[in-house]
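Reader: I'd like to learn how to read a structure like this one. Could you walk me through it?

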Amino acid sequence: MQRRLFLSSLGSAAALSTSFAAPPLRAQPAAPGRLTPLKFTLDFRITGQTAPFFLAQSRGYYRDEGLDVSIDVGSGSVASITRIASGVYQMGLGDISSLVEFNAQNPGTPVVQAVYQYYNRAPFVIIGRKDRGVTTDFRSLAGKKVAAAAVEATRRAWPMVARKQGLAPDLFAWATTDFNARDNVMVRGDVDAATYFHDSAVSLFARMKPEDLSVLEFSRGGVDLYGNAILAGSNLIAQNPQVVAAFLRATNRAIVETFADPGPSIAAAKQREPFLDEKVEAARWAITARYVGASDTRSHGLGDIRRLLLERQVDEVAEVFGLKAKPAASSLFDGSMLPPRAQRMVAA
(Lines give C-alpha, C1' and ligand atoms only; values in the text may rest on other atoms or scores of the structure.)
Protein backbone atom coordinates (compact mmCIF):
# COMPACT_ATOMS: atom_id res chain seq x y z
CA MET A 1 0.00 0.00 0.00
CA GLN A 2 1.38 3.36 -0.96
CA ARG A 3 2.11 5.74 1.88
CA ARG A 4 0.55 9.17 1.84
CA LEU A 5 2.46 12.24 2.84
CA PHE A 6 0.29 14.18 5.24
CA LEU A 7 0.48 17.94 5.14
CA SER A 8 -1.36 20.74 6.86
CA SER A 9 -1.55 24.41 7.74
CA LEU A 10 0.64 25.62 10.56
CA GLY A 11 -1.68 28.47 11.48
CA SER A 12 -0.69 31.82 12.95
CA ALA A 13 2.97 32.80 12.98
CA ALA A 14 2.31 34.56 16.26
CA ALA A 15 2.36 31.29 18.21
CA LEU A 16 4.92 30.97 20.96
CA SER A 17 8.26 29.41 20.03
CA THR A 18 9.45 26.38 21.94
CA SER A 19 13.21 26.02 21.95
CA PHE A 20 14.77 23.26 24.00
CA ALA A 21 18.41 23.95 23.23
CA ALA A 22 20.62 22.11 25.70
CA PRO A 23 24.06 23.08 26.99
CA PRO A 24 26.82 21.94 24.60
CA LEU A 25 27.72 18.26 24.94
CA ARG A 26 30.69 16.67 23.25
CA ALA A 27 30.36 13.27 21.64
CA GLN A 28 32.64 10.75 23.28
CA PRO A 29 34.73 8.54 20.97
CA ALA A 30 33.84 4.86 20.94
CA ALA A 31 37.33 4.20 22.32
CA PRO A 32 40.38 6.36 23.09
CA GLY A 33 41.71 7.84 19.87
CA ARG A 34 38.78 6.59 17.80
CA LEU A 35 35.77 8.35 16.31
CA THR A 36 32.13 7.39 16.88
CA PRO A 37 30.70 6.05 13.59
CA LEU A 38 27.35 7.47 12.47
CA LYS A 39 25.37 6.60 9.34
CA PHE A 40 23.23 9.41 7.86
CA THR A 41 20.75 8.97 5.00
CA LEU A 42 19.62 11.77 2.71
CA ASP A 43 16.04 11.82 1.49
CA PHE A 44 17.10 11.86 -2.15
CA ARG A 45 20.14 12.43 -4.33
CA ILE A 46 23.04 14.82 -3.71
CA THR A 47 22.33 18.40 -4.89
CA GLY A 48 22.77 21.95 -3.69
CA GLN A 49 19.73 21.39 -1.45
CA THR A 50 21.86 19.36 0.94
CA ALA A 51 25.27 20.93 0.25
CA PRO A 52 25.83 22.05 3.88
CA PHE A 53 26.11 18.43 5.03
CA PHE A 54 29.02 17.90 2.67
CA LEU A 55 30.69 21.11 3.79
CA ALA A 56 30.58 19.83 7.37
CA GLN A 57 32.08 16.57 6.21
CA SER A 58 34.79 18.03 3.96
CA ARG A 59 35.93 20.64 6.47
CA GLY A 60 36.16 18.07 9.26
CA TYR A 61 33.44 19.56 11.43
CA TYR A 62 32.04 16.11 12.21
CA ARG A 63 35.50 14.79 13.04
CA ASP A 64 36.08 17.80 15.29
CA GLU A 65 33.01 16.67 17.22
CA GLY A 66 34.32 13.12 17.58
CA LEU A 67 32.18 11.65 14.78
CA ASP A 68 32.95 9.55 11.70
CA VAL A 69 29.89 10.38 9.57
CA SER A 70 29.00 8.57 6.36
CA ILE A 71 26.33 10.16 4.13
CA ASP A 72 24.29 8.05 1.70
CA VAL A 73 21.73 9.04 -0.93
CA GLY A 74 18.10 8.24 -0.21
CA SER A 75 14.94 7.19 -1.97
CA GLY A 76 12.29 9.36 -0.34
CA SER A 77 11.18 10.57 3.06
CA VAL A 78 9.33 7.40 3.99
CA ALA A 79 12.43 5.37 3.16
CA SER A 80 14.53 7.64 5.38
CA ILE A 81 12.18 7.08 8.31
CA THR A 82 12.08 3.31 7.86
CA ARG A 83 15.86 3.16 7.44
CA ILE A 84 16.29 4.87 10.81
CA ALA A 85 13.52 2.85 12.46
CA SER A 86 15.24 -0.35 11.37
CA GLY A 87 18.50 0.72 13.00
CA VAL A 88 20.47 0.52 9.74
CA TYR A 89 20.93 4.30 9.91
CA GLN A 90 21.14 6.34 13.07
CA MET A 91 20.11 9.69 11.55
CA GLY A 92 18.73 11.06 8.29
CA LEU A 93 16.73 13.69 6.44
CA GLY A 94 13.00 13.18 6.02
CA ASP A 95 9.65 14.95 5.77
CA ILE A 96 8.03 15.85 9.08
CA SER A 97 4.58 15.14 7.62
CA SER A 98 5.63 11.61 6.73
CA LEU A 99 6.73 11.28 10.34
CA VAL A 100 3.21 12.22 11.45
CA GLU A 101 1.91 9.30 9.43
CA PHE A 102 4.59 6.91 10.62
CA ASN A 103 3.99 7.70 14.29
CA ALA A 104 0.24 7.45 13.81
CA GLN A 105 0.65 3.99 12.28
CA ASN A 106 3.13 2.97 14.98
CA PRO A 107 1.61 4.26 18.25
CA GLY A 108 3.45 4.10 21.53
CA THR A 109 6.98 5.19 22.26
CA PRO A 110 8.30 6.83 19.07
CA VAL A 111 11.22 5.11 17.35
CA VAL A 112 12.12 8.09 15.15
CA GLN A 113 11.97 11.78 16.00
CA ALA A 114 12.87 15.07 14.34
CA VAL A 115 15.73 16.88 16.09
CA TYR A 116 16.44 19.82 13.74
CA GLN A 117 13.89 21.38 11.38
CA TYR A 118 15.87 21.82 8.15
CA TYR A 119 13.13 23.21 5.88
CA ASN A 120 11.34 25.78 8.03
CA ARG A 121 8.76 25.79 5.25
CA ALA A 122 8.13 23.04 2.73
CA PRO A 123 9.09 24.14 -0.83
CA PHE A 124 5.96 22.83 -2.57
CA VAL A 125 4.96 24.59 -5.81
CA ILE A 126 3.10 24.08 -9.06
CA ILE A 127 4.90 25.65 -12.02
CA GLY A 128 2.80 26.54 -15.05
CA ARG A 129 3.33 27.82 -18.57
CA LYS A 130 2.16 31.38 -19.04
CA ASP A 131 1.40 30.70 -22.70
CA ARG A 132 -1.24 28.23 -21.46
CA GLY A 133 -2.90 30.86 -19.30
CA VAL A 134 -1.40 29.82 -15.97
CA THR A 135 -0.77 32.74 -13.59
CA THR A 136 0.14 32.92 -9.91
CA ASP A 137 -3.57 32.63 -9.10
CA PHE A 138 -4.46 28.99 -8.35
CA ARG A 139 -7.80 29.53 -10.08
CA SER A 140 -5.93 29.80 -13.38
CA LEU A 141 -5.30 26.03 -13.17
CA ALA A 142 -8.98 25.32 -13.86
CA GLY A 143 -9.33 22.81 -16.68
CA LYS A 144 -5.58 22.44 -17.07
CA LYS A 145 -3.39 19.32 -17.16
CA VAL A 146 -0.80 19.09 -14.36
CA ALA A 147 2.06 16.59 -14.37
CA ALA A 148 3.11 14.86 -11.14
CA ALA A 149 4.57 11.59 -9.97
CA ALA A 150 2.08 9.07 -8.61
CA VAL A 151 3.24 9.43 -5.00
CA GLU A 152 4.94 12.67 -4.04
CA ALA A 153 4.54 15.32 -1.39
CA THR A 154 3.52 18.26 -3.58
CA ARG A 155 0.74 16.31 -5.28
CA ARG A 156 -0.52 15.06 -1.91
CA ALA A 157 -0.59 18.62 -0.59
CA TRP A 158 -2.87 19.95 -3.34
CA PRO A 159 -6.17 19.19 -1.52
CA MET A 160 -4.95 21.39 1.33
CA VAL A 161 -4.43 24.31 -1.05
CA ALA A 162 -7.82 23.72 -2.68
CA ARG A 163 -9.45 23.73 0.73
CA LYS A 164 -7.77 27.00 1.75
CA GLN A 165 -8.57 28.66 -1.58
CA GLY A 166 -12.17 27.46 -1.72
CA LEU A 167 -11.51 25.46 -4.88
CA ALA A 168 -12.62 22.01 -5.97
CA PRO A 169 -9.91 19.33 -5.50
CA ASP A 170 -10.55 18.25 -9.09
CA LEU A 171 -10.02 21.77 -10.46
CA PHE A 172 -7.57 20.31 -12.97
CA ALA A 173 -6.60 16.89 -14.33
CA TRP A 174 -3.51 15.04 -13.14
CA ALA A 175 -1.11 13.63 -15.70
CA THR A 176 0.90 10.99 -13.86
CA THR A 177 4.52 10.89 -14.94
CA ASP A 178 7.93 9.98 -13.59
CA PHE A 179 9.99 12.56 -11.68
CA ASN A 180 12.63 12.50 -14.40
CA ALA A 181 10.07 13.15 -17.15
CA ARG A 182 8.43 16.28 -15.74
CA ASP A 183 10.81 18.72 -17.41
CA ASN A 184 10.38 16.98 -20.76
CA VAL A 185 6.58 17.07 -20.74
CA MET A 186 6.65 20.72 -19.69
CA VAL A 187 9.11 21.73 -22.41
CA ARG A 188 7.20 19.80 -25.09
CA GLY A 189 3.91 21.29 -23.96
CA ASP A 190 2.30 17.93 -23.21
CA VAL A 191 1.00 19.47 -19.98
CA ASP A 192 0.16 22.96 -18.80
CA ALA A 193 1.90 22.73 -15.45
CA ALA A 194 3.77 20.38 -13.13
CA THR A 195 4.42 19.92 -9.41
CA TYR A 196 7.89 20.49 -7.99
CA PHE A 197 9.94 21.15 -4.91
CA HIS A 198 10.70 24.78 -5.73
CA ASP A 199 14.45 24.22 -5.50
CA SER A 200 14.24 21.11 -7.68
CA ALA A 201 12.80 23.18 -10.51
CA VAL A 202 16.16 24.71 -11.48
CA SER A 203 16.46 21.95 -14.07
CA LEU A 204 13.30 23.28 -15.72
CA PHE A 205 14.49 26.89 -15.43
CA ALA A 206 17.62 25.86 -17.35
CA ARG A 207 15.46 24.72 -20.29
CA MET A 208 12.66 27.28 -20.23
CA LYS A 209 12.93 30.99 -19.53
CA PRO A 210 11.77 31.68 -15.96
CA GLU A 211 9.85 34.71 -17.23
CA ASP A 212 7.73 32.33 -19.34
CA LEU A 213 6.67 30.39 -16.23
CA SER A 214 4.38 31.07 -13.29
CA VAL A 215 5.34 29.71 -9.87
CA LEU A 216 2.38 28.97 -7.60
CA GLU A 217 3.79 28.58 -4.08
CA PHE A 218 1.66 26.51 -1.74
CA SER A 219 2.72 28.65 1.24
CA ARG A 220 1.24 31.67 -0.52
CA GLY A 221 -1.92 29.67 -1.05
CA GLY A 222 -2.49 29.53 2.69
CA VAL A 223 -0.75 26.22 3.39
CA ASP A 224 2.29 26.80 5.60
CA LEU A 225 3.93 23.58 6.66
CA TYR A 226 7.22 22.26 7.89
CA GLY A 227 9.24 20.25 5.39
CA ASN A 228 12.22 17.96 5.72
CA ALA A 229 13.87 17.70 9.12
CA ILE A 230 16.96 16.00 10.49
CA LEU A 231 15.72 12.80 12.10
CA ALA A 232 17.27 10.53 14.70
CA GLY A 233 16.48 7.12 16.13
CA SER A 234 14.94 7.33 19.60
CA ASN A 235 17.42 4.78 20.92
CA LEU A 236 20.29 7.05 19.91
CA ILE A 237 18.54 10.04 21.49
CA ALA A 238 18.00 8.16 24.76
CA GLN A 239 21.36 6.44 24.98
CA ASN A 240 23.74 8.91 23.32
CA PRO A 241 22.15 12.38 23.14
CA GLN A 242 25.67 13.85 23.05
CA VAL A 243 26.20 12.19 19.66
CA VAL A 244 23.05 13.80 18.26
CA ALA A 245 24.02 17.16 19.76
CA ALA A 246 27.49 16.88 18.23
CA PHE A 247 26.08 16.09 14.78
CA LEU A 248 23.70 19.04 15.02
CA ARG A 249 26.44 21.45 16.10
CA ALA A 250 28.65 20.48 13.18
CA THR A 251 25.78 20.57 10.67
CA ASN A 252 24.37 23.85 11.97
CA ARG A 253 27.84 25.40 11.73
CA ALA A 254 27.99 24.41 8.06
CA ILE A 255 24.45 25.65 7.36
CA VAL A 256 25.21 29.07 8.85
CA GLU A 257 28.42 29.27 6.81
CA THR A 258 26.51 28.29 3.66
CA PHE A 259 24.12 31.18 4.18
CA ALA A 260 27.12 33.50 4.37
CA ASP A 261 28.92 32.00 1.36
CA PRO A 262 27.42 29.01 -0.51
CA GLY A 263 30.44 28.53 -2.80
CA PRO A 264 32.44 26.17 -0.57
CA SER A 265 29.38 24.03 0.19
CA ILE A 266 28.54 23.66 -3.50
CA ALA A 267 32.16 22.73 -4.18
CA ALA A 268 32.02 20.12 -1.41
CA ALA A 269 28.87 18.59 -2.91
CA LYS A 270 30.52 18.51 -6.33
CA GLN A 271 33.53 16.77 -4.84
CA ARG A 272 31.17 13.99 -3.78
CA GLU A 273 29.19 14.04 -7.06
CA PRO A 274 31.49 15.31 -9.86
CA PHE A 275 28.67 15.50 -12.43
CA LEU A 276 27.05 18.43 -10.60
CA ASP A 277 27.06 21.83 -12.32
CA GLU A 278 28.19 24.31 -9.66
CA LYS A 279 26.32 27.20 -11.26
CA VAL A 280 23.07 25.23 -11.33
CA GLU A 281 23.52 24.02 -7.76
CA ALA A 282 24.29 27.53 -6.54
CA ALA A 283 20.98 28.65 -8.09
CA ARG A 284 19.28 25.71 -6.40
CA TRP A 285 20.68 26.62 -2.98
CA ALA A 286 19.52 30.23 -3.45
CA ILE A 287 15.96 28.89 -3.56
CA THR A 288 16.52 26.32 -0.81
CA ALA A 289 17.79 29.07 1.51
CA ARG A 290 14.41 30.83 1.32
CA TYR A 291 12.74 27.80 2.84
CA VAL A 292 15.47 26.77 5.28
CA GLY A 293 15.69 30.33 6.58
CA ALA A 294 11.99 31.22 6.35
CA SER A 295 10.51 34.03 8.44
CA ASP A 296 10.06 32.05 11.67
CA THR A 297 13.82 31.58 11.97
CA ARG A 298 14.26 35.29 12.60
CA SER A 299 12.83 34.78 16.09
CA HIS A 300 13.82 31.27 17.13
CA GLY A 301 16.74 30.57 14.80
CA LEU A 302 17.45 27.72 12.42
CA GLY A 303 16.37 24.22 13.34
CA ASP A 304 13.65 25.01 15.88
CA ILE A 305 9.86 24.86 15.56
CA ARG A 306 6.81 26.58 17.00
CA ARG A 307 5.10 23.92 19.06
CA LEU A 308 1.59 25.30 18.66
CA LEU A 309 1.96 25.35 14.89
CA LEU A 310 3.12 21.73 14.86
CA GLU A 311 0.19 20.76 17.06
CA ARG A 312 -2.20 22.42 14.61
CA GLN A 313 -0.51 20.58 11.77
CA VAL A 314 -1.03 17.25 13.50
CA ASP A 315 -4.68 18.07 14.23
CA GLU A 316 -5.50 18.97 10.64
CA VAL A 317 -3.58 16.02 9.24
CA ALA A 318 -5.49 13.63 11.47
CA GLU A 319 -8.82 15.17 10.50
CA VAL A 320 -8.32 15.56 6.76
CA PHE A 321 -6.77 12.15 6.19
CA GLY A 322 -8.67 10.19 8.79
CA LEU A 323 -5.76 8.91 10.86
CA LYS A 324 -6.91 6.43 13.47
CA ALA A 325 -4.30 7.67 15.93
CA LYS A 326 -3.07 11.21 16.43
CA PRO A 327 0.55 11.45 17.58
CA ALA A 328 1.47 14.14 20.08
CA ALA A 329 3.68 16.93 18.82
CA SER A 330 6.17 16.00 21.54
CA SER A 331 6.56 12.58 19.90
CA LEU A 332 7.53 14.21 16.61
CA PHE A 333 10.10 16.83 17.56
CA ASP A 334 12.76 16.88 20.27
CA GLY A 335 14.65 20.16 20.35
CA SER A 336 16.65 19.42 23.48
CA MET A 337 19.88 18.80 21.55
CA LEU A 338 19.84 21.93 19.39
CA PRO A 339 22.83 24.27 19.54
CA PRO A 340 22.21 27.52 21.46
CA ARG A 341 19.89 29.95 19.68
CA ALA A 342 22.70 32.49 19.16
CA GLN A 343 24.57 29.94 17.06
CA ARG A 344 21.50 29.28 14.91
CA MET A 345 20.81 32.84 13.77
CA VAL A 346 21.44 33.99 10.20
CA ALA A 347 20.96 37.35 8.53
CA ALA A 348 17.52 37.69 6.94
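Author: Let's start with a term: buried means under 20% relative accessible area. By that cut-off Trp 158 is buried, and Phe 172 is buried too. Keep in mind that this is a predicted model.

Reader: Okay. How do I read the side chains along a strand?

Author: The general idea is that in a regular strand the side chains alternate between the two faces of the sheet. Here, take strand 2, residues 67–72.

Reader: In which sense do strand 1 and strand 2 pair?

Author: Parallel, over six bridges, with strand 1 covering residues 36–41. For one of the partners, look at Pro 37, which bridges to Asp 68 in strand 2.

Reader: And aromatic rings? How many aromatic pairs does the structure hold?

Author: A pair of aromatic rings is described by the distance of the centres and the angle of the planes. This structure has 13 aromatic pairs. In one of them, Phe 124 and Phe 218 have ring centres 6.4 Å apart and planes at 65 degrees, so the pair is edge-to-face. Phe 124 is in strand 5 and Phe 218 in the loop between strand 9 and strand 10, so the pair ties together parts that are 94 residues apart in sequence. Both Phe 124 and Phe 218 are buried. For Trp 158 and Phe 172, the centres are 4.8 Å apart and the planes at 50 degrees, so that pair is tilted. Ring pairs also link Phe 124, Phe 138, Trp 158, Phe 172, Trp 174, Phe 197 and Phe 218 into a cluster.

Reader: Where does the charged end of Lys 39 sit?

Author: Over the ring of Tyr 89, 4.4 Å from its centre. Likewise, the charged end of Arg 253 sits over the ring of Tyr 61, 3.7 Å from the ring centre.

Reader: Last one: which residues in the largest nonpolar core touch the most other members?

Author: In soluble globular proteins, nonpolar side chains tend to be buried together. The largest nonpolar core here has 82 residues, and Phe 40, Met 91, Ile 230, Phe 247 and Leu 248 touch the most other members. Helix 9, residues 241–260, gives the most to this core, with nine residues. Apart from that core lies another, of 22 residues, including Ala 157 and Trp 158.

Definitions and conventions
Residues are numbered from 1 along each chain as its sequence is written. This is a predicted model: local features need pLDDT of at least 70, side-chain atom pairs count only at pLDDT 80 or more; totals for chains, interfaces and linings use all residues. Side-chain values use heavy atoms; hydrogens and water are left out. Buried means under 20% relative accessible area, exposed over 50%, partly exposed in between (1.4 Å probe, protein chains only). Helices (H or I, at least four residues) and strands (E, at least two) are DSSP runs, numbered from the N terminus. Two strands pair if DSSP finds at least two bridges between them. Rings of Phe, Tyr and Trp (its six-membered ring) pair if their centres lie within 6.5 Å; planes under 30 degrees apart count as stacked, over 60 as edge-to-face and the rest as tilted. A charge sits over a ring if NZ of Lys or CZ of Arg is within 6 Å of the ring centre and within 35 degrees of the ring normal. A nonpolar core is a set of buried Ala, Val, Leu, Ile, Met, Phe, Trp, Tyr and Cys residues joined through side-chain atoms within 4.5 Å.
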